[in-house]
Amino acid sequence: MSTHFLNVIWIALMVATVLTSFIGKNTAMGAGMVVIVLLISAIKGWLIIEDFMALRRVKFLWRGIMLGWLLLTLSVILLAYWLGIK
Amino acid sequence: MSRSLQKEGHKPLPYPPGDFAIWILILVELSVFFVLFAAYAFTRLMHLELFNEMQRTLDADAGLLNTLLLISGSWCVARAVAAIKRTLCRQSAHWLLAAILSGVGFLVVKYFEYGAKFSAGINLETNLFYTFYLSLTAFHAMHVVLGMIILAFVWKKAMTDGYSANDHGGMETGASYWHMVDLVWIILFPLVYVMR
């Protein structure tokens, strides 16, 4: 993987982190914002799994397990927060 | 290059990078963190006011800074692996050292964060939120320490040209564990510090 591509991923992750923090500090945390924050986390996790962990070129079984863990974890958290807002 | 060789070049790899055993450990660790995150989220559901009120007492900037440090550490490790694949041994070792320093930075921030809470009289028994906050973050910090120890061994070997473009499985093993520590924090940060 090119170092330039790794740099781009790093910058994207840093920007997404600052955006998450900004949302937490400056918005009322309704259902919409919870979904956005979890969506940002999903994208960050996906980038780490595919590009930093270098699973992009590995058989789908391994990527599937890792991405499945990410989606399951975020879905359970979303469910708990959705029930709380409801 | 023939078409068949080109196809071979794009064939998915059968196993993830590094030692297979580390991936078993990673899956076990992720399962444990899944249970802890679910326990936090559903316990919060039963104590919404307490969790929302207590979360405001956390230092969100410390959480942000630690997230930036761990992401940067992961980037450094990915650059170290990319460097060794080009047989840039010394450069690879420097990236590993930078990753270890990001871990040190993480622990320094945690030290001051915990210090502020402990001096305010907060501990594990203060309330349910702080039981979860201190347990979850301390458990994760233990993984940061273990990741730093692993990276330190990898760094030591890299400094003596112990890895090459064809033989760097050990470095990939350490890198995979470190990325797992980062991945877990990517969820822990919004869960504990951001979402109310």
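Predicted model: local features only at pLDDT ≥ 70, side-chain atom pairs only at ≥ 80, totals over all residues.
Author: Residues are numbered from 1 along each chain as its sequence is written, chains are lettered from A and ligands numbered from 1 in the order in which they are written, and side-chain values use heavy atoms, with hydrogens and water left out.

Reader: What makes up the secondary structure of chain A?

Author: Chain A has three helices and zero strands, in the order α-α-α from the N terminus. Helices (H or I, at least four residues) and strands (E, at least two) are DSSP runs, numbered from the N terminus.

Reader: How do you know that the span of helix α2 of chain A agrees with its number of residues?

Author: The expected span is 1.5 Å times one less than the number of residues. Helix α2 (residues 31–52) of chain A has 22 residues and should therefore span 32 Å; its end C-alpha atoms are 31 Å apart, which agrees. Just after α2(A), A:A54 takes a positive phi of about 60°.

Reader: What share of chain A counts as buried, and by which criterion?

Author: Buried means under 20% relative accessible area, exposed over 50%, and partly exposed in between (1.4 Å probe, protein chains only). By that criterion, 47% of the 86 residues of chain A count as buried.

Reader: How many residues of chain A are in contact with chain B, and how much area is buried between the two chains?

Author: Contact means heavy atoms within 4.5 Å; 46 residues of chain A meet this condition with 50 residues of chain B. Buried area is the accessible area (1.4 Å probe) that two parts lose on being put together, summed over both. Between chain A and chain B this comes to about 4,300 Å², with 77% from carbon and sulfur atoms. A:W62, A:W69 and A:Y81 supply 18% of the area that chain A buries against chain B, more than any other three residues.

Reader: Why is the pair B:D61 and A:K25 called a salt bridge?

Author: The term requires a side-chain nitrogen of Lys or Arg within 4 Å of a carboxyl oxygen of Asp or Glu. The closest N and O atoms of B:D61 and A:K25 are 2.2 Å apart, so the pair qualifies. The rule finds one salt bridge across the interface of chain A and chain B. α1 (3–26), α2 and α3 (60–85) of chain A each give two or more residues to the side that touches chain B, and α3(A) gives the most, with 15 residues.
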